[in-house]
Amino acid sequence: MSDATLAQQLGAFAEATTFDALPEAVVDSVRKRVLDTVGIAVAAAPLETSRAARAWARSQGGHAAASAVGVPEGLPAGLAAFVNGVLAHSLDYDDTHLPSVLHPSATVVPVALAAAERAGAGGQELVRAIALGLETCVRLGMAGYDEAAKNSTFFEHGQHATSICGAMGGAVAATVLAGGKADAVVDSLGVAASMASGIIEANRTGGTVKRLHCGWAAHAAVSAAELVSFGLTGPPTVLEGRFGFYQAWLHGRFDAAAVVDGLGETWAVPDIFFKPYPANHFTHAAVDAAGRLRARGVLPEDVERLVLGVPAPNLRTIGEPIEVKRTPETGYMAQFSGPYAVAVGLLGGAGLGAGVEDYTDELARDPQRRALMAKVDVVPDQRCTDIFPTQFPAVLTAHLVDGRELVEEVLTTRGGPQRPLSFEELAAKFRANAGRTLADDQVDALAEACAALETCTDIGAVLAPLTSVDPMTTTDSTK
């Protein structure tokens, strides 16, 4: 057992891991995650919340150092990371790690892009920083996974592990891009821990504040690294200490081995799930199951009642309060509704099974969808609970007006290692997202740059098209 603290072991890992030490699977995964994250951020540019984030960032002033989607002028790195982080998480289309149930790329990628552009870093430095940041974020989240309860303790406490751990992972990425060594990483973790935050009540009953979480975490991460460069320090026992990160968030219940065991040898990055649909990940199997019913010829008018069985821990997010989940008022609320996911699948969604255009305010209130949602009960299913959270399964039972009962089971989550999205599917997702607000030649250039990210010599030039996104452009009424 090492005498070094957890933060010191993470710092040593960050300093020792060069680009050449990264497994090819990790490098390839980072390329794809940058492609995916940038596409999502561009697609989210027209949202009212995105406009608000840009307006706030521009109002702050400061030295232009990095690029943000839809902002013609440069912004300070922390503010650029804030804007891009808000946009990357706003469509609920960003990747998910299981079983920690957090979304690492929406914070870490915006942090690294902003920090790399400010530092004039090359592609290899960028890829290395993202890999280190993602790995740190996931490991810190996994330390809060309760094996017996089969759930994240962060989540049980109403805490958003995505932004809490994202700020920490992002701080590592920003620090190494600034040239920081192990001691600087330790200090940045210590400083960022006092900035990490996120409350997820909006998942249940509405409000758009969750869209800010990854942006604020990204801003905190860049700020922490900057403050350390100016001489601020953090406690080396920031994670496991009596008044440290895990005591503050999890009342001292955490798995230290999940943070440090196999550092540099076993990588979580390639196993992070990509999202095929722009909605809370708990709803994806419901879209698939309803789509299978549709493929069997079931029409909305054939349905008398639908029962969506899900893991018991998911019920609070996508099935309660049921009267709210059956009647979402906005596209954003629909993203967290099990009944709405069933309606999307049964009516036939866009893209890979559902697309951004399926989650609009108008469709959330559409009478046909409301009629379908009124027929959906969301209940705990024991088999699904047993599988969760290594997958987000669902069992959909359709009771038809002709007396038949049809059952569709989706027990593995699309986009994960068991049902991976092909490169072609990820490219199609990117093009559909980026093409909402960028010209075809700009989309092609971004895709080519991400495919060879480690060879990039000018991050600013790659990101330049993002600043030309017209913030007044909108291709649908999603809010």
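**Stop 1: charges over rings**

Select Lys429 and Tyr93: the charged end of Lys429 sits over the ring of Tyr93, 4.2 Å from the ring's centre. To count as sitting over a ring, NZ of Lys or CZ of Arg must be within 6 Å of the ring centre and within 35 degrees of the ring normal. Now pick Arg33, which lies over the face of Phe274 at 4.1 Å from the ring centre.

Before you click on: this is a predicted model, where local features need pLDDT of at least 70 and side-chain atom pairs count only at pLDDT 80 or more, while totals for chains, interfaces and linings use all residues. Residues are numbered from 1 along each chain as its sequence is written, and side-chain values use heavy atoms, leaving out hydrogens and water.

**Stop 2: a run of rings**

The structure holds 13 aromatic pairs. Rings of Phe, Tyr and Trp (its six-membered ring) pair if their centres lie within 6.5 Å; planes under 30 degrees apart are called stacked, over 60 edge-to-face, and the rest tilted.

Select Phe155 and Phe282, an edge-to-face pair with 6.2 Å from centre to centre and 70° between the planes. What parts of the chain does this pair link? Distant ones: Phe155 is in helix H7 (residues 153-156), and Phe282 is in the loop between helix H13 (256-260) and helix H14 (284-295), 127 residues apart. Helices here are DSSP runs of H or I with at least four residues, strands are runs of E with at least two, and both are numbered from the N terminus.

Phe392 sits in the loop between helix H21 (382-387) and strand S7 (394-400), 110 residues from Phe282.

Are Phe282 and Phe392 buried or exposed? Phe282 is buried because its relative accessible area is 5%, and Phe392 counts as buried at 1%. Buried means under 20% relative accessible area, exposed over 50%, and partly exposed in between (1.4 Å probe, protein chains only).

For one more group of rings, select Phe154, Phe245, Tyr246 and Phe254, which form one aromatic cluster.

**Stop 3**

Go to helix H23, residues 440-451. H23 has 12 residues and reaches 17 Å from its first C-alpha to its last, close to the expected 16 Å. The expected span is 1.5 Å times one less than the number of residues.

Colour Val443, Leu446, Ala447, Ala449 and Cys450, which are buried. They cover an arc of only 165° around the axis, so they are on the same side of H23; the arc is that of the directions from the helix axis to the C-beta atoms. On the other side, Asp440, Asp441 and Glu448 are exposed.

What do the buried residues of H23 pack against? Show helix H2 (24-43), helix H22 (423-434) and helix H24 (459-467) to see their partners.

**Stop 4: a covered helix**

Jump to helix H5, residues 105-119. H5 is mostly covered, with 13 of its 15 residues buried. Just after H5, look at Gly120, which takes a positive phi of about 70°.

**Last stop: a buried Asp**

Finish in helix H14 with Asp288. Asp288 is buried because its relative accessible area is 12%. Leaving aside residues up to four places away in sequence, Asp288 touches Tyr277, Val410, Arg414 and Arg419; contact means heavy atoms within 4.5 Å.
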